[in-house]
Amino acid sequence: MATENAGILDGPDGKARCFWHGNLPDYLHYHDHEWGRPVTDDRRLFEKICLEGFQSGLSWLTILRKRENFREAFAGFDFDKVAAFTDQDVERLLGNAGIIRHRGKIVSTINNAKRAREMVDEFGSLAAWFWKFEPGREERPEIVDLAHLRANPTTAVSVRISKELKKRGWSFVGPTTVYAFMQAMGLVNDHLEGCYCRAEVEKERKKLKRPK
């Protein structure tokens, strides 16, 4: 049963969850086991920021269902390898029907891989750079509900990260894209009040050793 005003949907197991997975099995699994759970692995962070760029203008479900194809096409999102991609690789990827064949986004991913390598050289890891922007308690709402999320597709922090990334030469990293990345990678916990995952994610975030 959906509680529309609260944005909560009961799953087939009777548990209350954020509504957006629509009880589609693959989307529900992503909601329960990935979305919002804190990530400090550089390759996963790079993958997600790139895939959020590919999502621009599309639904995340479209990208999720092509994710394994993307991983195969982009060397598992090993940015050391992707940074070495050539024009020949761009043409190869444009012929890959398993991914989103958008030249600008493909070229952007290769560019961003090079920028990621620079960031690792400077800060030690992508995780150290991204997690330094984790919002403080005073920057977060007291209650995360549907009205708040609909009213805030970006935040001051996502705007700040977007500007910093662009200064460093990254592309397809607008504030909305960056905030979706923050939500997915657990820099914030935006599971709605009433979703059973919210408390689980909060526990994981409390236990997390922040990268430095």
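This is a predicted model: local features need pLDDT of at least 70, side-chain atom pairs count only at pLDDT 80 or more; totals for chains, interfaces and linings use all residues.
Q: Why is Ile100 called buried?
A: Ile100 has a relative accessible area of 16%. Buried means under 20%, and therefore Ile100, at 16%, is buried. This residue is found in the loop between helix H6 (87-94) and helix H7 (103-123).

Q: What makes up the surroundings of Ile100, leaving out residues up to four places away in sequence?
A: Ile100 touches Phe54, Leu58, Thr62, Ile63, Lys66, Phe70 and Ile106. Contact here means heavy atoms within 4.5 Å.

Q: Why does Ser125 count as buried?
A: The relative accessibility of Ser125 is 15%. The cut-off for buried is under 20%, so Ser125 counts as buried. Ser125 has its place in the loop between H7 and H8. Neighbours within four places in sequence aside, Ser125 is in contact with Asp42 and Val120.

Q: How do you know that the span of helix H2 agrees with its number of residues?
A: Helix H2 (residues 42-55) has 14 residues, which at 1.5 Å a residue should span 20 Å. The expected span uses one less than the number of residues. The end C-alpha atoms of H2 are 20 Å apart, so the two values agree.

Q: What is found at the start of H2, and what follows this helix?
A: At the start of H2, a side-chain oxygen of Asp41 reaches to within 3.2 Å of the backbone nitrogen of Arg43. A polar contact is a pair of N or O atoms within 3.5 Å, and the pair of Asp41 and Arg43 lies within 3.2 Å. H2 is followed by Gly57, whose phi is positive, near 90°.

Q: What makes H2 a mostly covered helix?
A: Of the 14 residues of H2, 12 are buried. Among them are Leu45, Phe46, Ile49, Cys50, Leu51 and Phe54. Asp42, Glu47, Lys48 and Glu52 are also buried in H2.

Q: What makes H11 mostly covered, and which elements cover its buried residues?
A: In H11, 9 of the 11 residues are buried, including Val178, Tyr179, Phe181 and Met182. The cover of these buried residues includes helix H1 (25-33), H2, helix H8 (126-131), helix H9 (146-151) and helix H10 (156-167). H11 is followed by Gly186, whose phi is positive, near 80°.

Q: How many cavities are counted, and what is the volume of the largest cavity?
A: The count comes to 2 cavities of 30 Å³ or more.

Q: Which elements line the largest cavity?
A: H2 and helix H11 (175-185) each supply at least two residues of the lining. H2 gives the most, with 4 residues. The lining includes Tyr30, Trp35, Arg44, Glu47, Trp60, Arg67 and Met185. By class, the lining of the largest cavity has 6 nonpolar, no polar and 5 charged residues.

Q: What makes up the lining of the second largest cavity?
A: Residues of this lining include Ile49, Cys50, Phe54, Lys105, Asn112 and Phe172. H2 and H7 each supply at least two residues. By class, the lining has 4 nonpolar, 5 polar and 1 charged residues. The space in the second largest cavity is about 50 Å³.

Q: What is the volume of the largest pocket, and which elements give two or more residues to its lining?
A: The largest pocket holds about 610 Å³ of space. The elements that give two or more residues to its lining are H1, H2, H9 and H11. The largest share, 6 residues, comes from H11. The pocket is lined by 24 residues, of which Trp20, Trp35, Gln55, Ala180 and Gln183 lie nearest its centre. These linings divide into 14 nonpolar, 6 polar and 4 charged residues.

Q: Which residues lie nearest the centre of the second largest pocket?
A: Arg137, Arg140, Arg198, Glu202 and Arg205 lie nearest the centre of this pocket, which is lined by 16 residues. By class, its lining has 5 nonpolar, 2 polar and 9 charged residues. The volume of the second largest pocket is about 380 Å³.

Methods
Residues are numbered from 1 along each chain as its sequence is written. Side-chain values use heavy atoms; hydrogens and water are left out. Buried means under 20% relative accessible area, exposed over 50%, partly exposed in between (1.4 Å probe, protein chains only). A polar contact is a pair of N or O atoms within 3.5 Å; within protein, one must be able to donate a hydrogen and the other to accept it, and residues adjacent in sequence count only if both atoms are side-chain atoms. On a 1 Å grid over the protein atoms alone, a cavity is a set of points where a 1.4 Å probe fits but cannot get out, and a pocket is an open set with protein on both sides within 12 Å along at least five of seven lines; lining residues have an atom within 4 Å of a point. Grid points are joined across faces, edges and corners, and a volume is the space filled by probe spheres set on the points. Ala, Val, Leu, Ile, Met, Phe, Trp, Tyr, Cys and Pro count as nonpolar, Asp, Glu, Lys and Arg as charged, and the others, Gly among them, as polar.
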